[in-house]
Amino acid sequence: EAMLTVLAEAMPPTITPEMIPAMRGAVIPGMPTPSEILEAAGLVARDVTIPGYEGDDIVVLHHGDDPTGVLGVPGLLAPDGGSGGAIGADIHGKNHHVAGSFAQHVRWLDLLTADGEVHRVGPEQDPDLFWATAGGMGLTGVILRAQVQMKRIETSRCLVDTDRTPDLDSLMTLLSETDHLYEYSVAWIDTLAKGKRMGRSVVTRGRFATLDELPAKRRSDPLGYHQSVKVGVPDVFPPGLLNLATVAAFNELWYRKAPKRKRDQLQSIPTFFHPLDAVGGWNRIYGPRGFVQYQVTVPFGQEEAMRELLDRLSSFGTASFLAVLKRFGPGNPGMLSYPSPGWTLALDIPVMKGLAGLLDSLDEVVLAAEGRTYLAKDSRVRPETFATMYPRLEEFRAVRKRVDPDGVFTSDLARRLSL
């Protein structure tokens, strides 16, 4: 298996003001070039790109003249994400149900702590500090380097199956009974659908195609990868354009255009993993007030809690066209790592009147179901709610106090939640 050593920056891939470090006069180390940081034993790198650099996800390594595709795991980093943030937020992908989260593929990392010392830690080297750093939102120090286990692929194309489900019950049944057949799986949900249609979805699942599964014309460049922006959103987007009527129309179109059942469709990496990135500045669609990202998980056996979440969302009338549901596999030893076995729902919700009260009410449902919210997307959860959701919080605080007793590394998020 190929090992890739990459430089890692301290910020998570999803940035909110809550996460920005609040260090006076802080200096973040400069980013070296990929050629300065790549270490792959027995391999020579040519035209190498690193996940998190220039929006590329494929690293092409050469052993002699034989190219080998190497894919970042789990899933793919977003084009504006970096490896350090992936560790700090312990990100997950469409393949968590089979591959776990990002930290489970990290062999070791070099951590610059508050005393100015660099510590090499990993699952076998000071595991407490490693698992406090994984999902620790940058509060244990600055990640300088990390060695990550990669996944070999033969092509940059995905074989994708699509299914359209009419309601939440059929969606959960489909995922529960057949997710184990797929490496990557995710469902888009229409959050405005009510009654018998509540939870109707478009499910896309797949794996990477092998060389012999490509059309003959594509086999000459099987690892070719092109990230392109097809259309851009203007800097000034009319705030009233995104409303219940327009989002309902979009959701109806998105649902109807999806095939009821389609198998083995070849798709590019951007199309399958990052479809929104084809729209430059897509976040501007939400207007000058912006939007809030909200992601929660509830354990298996708490399906009624997920139904209650969707019912409250549809009743409130949130004009959200980006809502996805996935199944998580087993968690890891990370003290603040988010994924745990169950259902995870991720939403982008426009800022609107009454939103704070809605999110508080959703938190109550999640808390009653013994679920949790995702720190990397949080900017408002209450400290007492968070402490109940993460029972290992005191362990994290103890490790943080050991390596940073004066609280040199901090953030608005850390202060609000007393991390």
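Which strands does helix H9 (residues 355–368) lie across? A few notes on this predicted model, starting there.

1. Helix H9 lies across E15, strand E17 (342–350) and E18, and runs at about 15 degrees to E15. Helices (H or I, at least four residues) and strands (E, at least two) are DSSP runs numbered from the N terminus. Angles run from 0 to 180 degrees between N-to-C directions, with axes as lines fitted to C-alpha atoms, for helices over the stretch in contact; contact means heavy atoms within 4.5 Å.

2. Now the sheet under discussion. It is open, has eight strands in the order E13-E9-E11-E10-E16-E17-E15-E18, and its pairing is antiparallel. At the edges sit strand E13 (261–268) and strand E18 (372–373), each pairing on one side only. Two strands count as paired if DSSP finds at least two bridges between them. E15 (residues 291–299) and E18 have two bridges, in the antiparallel sense, and Val296 stands opposite Thr373 in E18.

3. On to the cores. A nonpolar core here is a set of buried Ala, Val, Leu, Ile, Met, Phe, Trp, Tyr and Cys residues joined through side-chain atoms within 4.5 Å. Buried means under 20% relative accessible area, exposed over 50%, and partly exposed in between (1.4 Å probe, protein chains only). The largest core has 71 residues, and Phe386 and Leu419 touch the most other members. H9 gives the most to this core, with six residues. Leaving out residues up to four places away in sequence, Phe386 touches Leu336, Leu375, Val381, Leu393, Leu417 and Leu419. A second, separate core of ten residues includes Ile153, Cys158, Tyr184 and Phe272.

4. Have a look at Asp115, in the loop between strand E5 (106–112) and strand E6 (118–121). Asp115 is exposed, at 51% relative accessible area. Its side chain makes a polar contact (N or O atoms within 3.5 Å; within protein, one able to donate a hydrogen and the other to accept it, and sequence-adjacent residues counting only if both atoms are side-chain atoms) with the side chain of Thr113, at 2.7 Å. The backbone nitrogen of Glu117 lies 2.9 Å from a polar atom of the Asp115 side chain.

5. Finally, confidence. The chain averages a pLDDT (the predictor's confidence in each residue, from 0 to 100) of 80, and 74% of the residues score at least 70. Over residues 1–68 the pLDDT is below 50. Where pLDDT is low, the predicted coordinates should not be read in detail.

6. Bookkeeping: residues are numbered from 1 along each chain as its sequence is written, and side-chain values use heavy atoms, with hydrogens and water left out. Local features need pLDDT of at least 70 and side-chain atom pairs count only at pLDDT 80 or more, while totals for chains, interfaces and linings use all residues.
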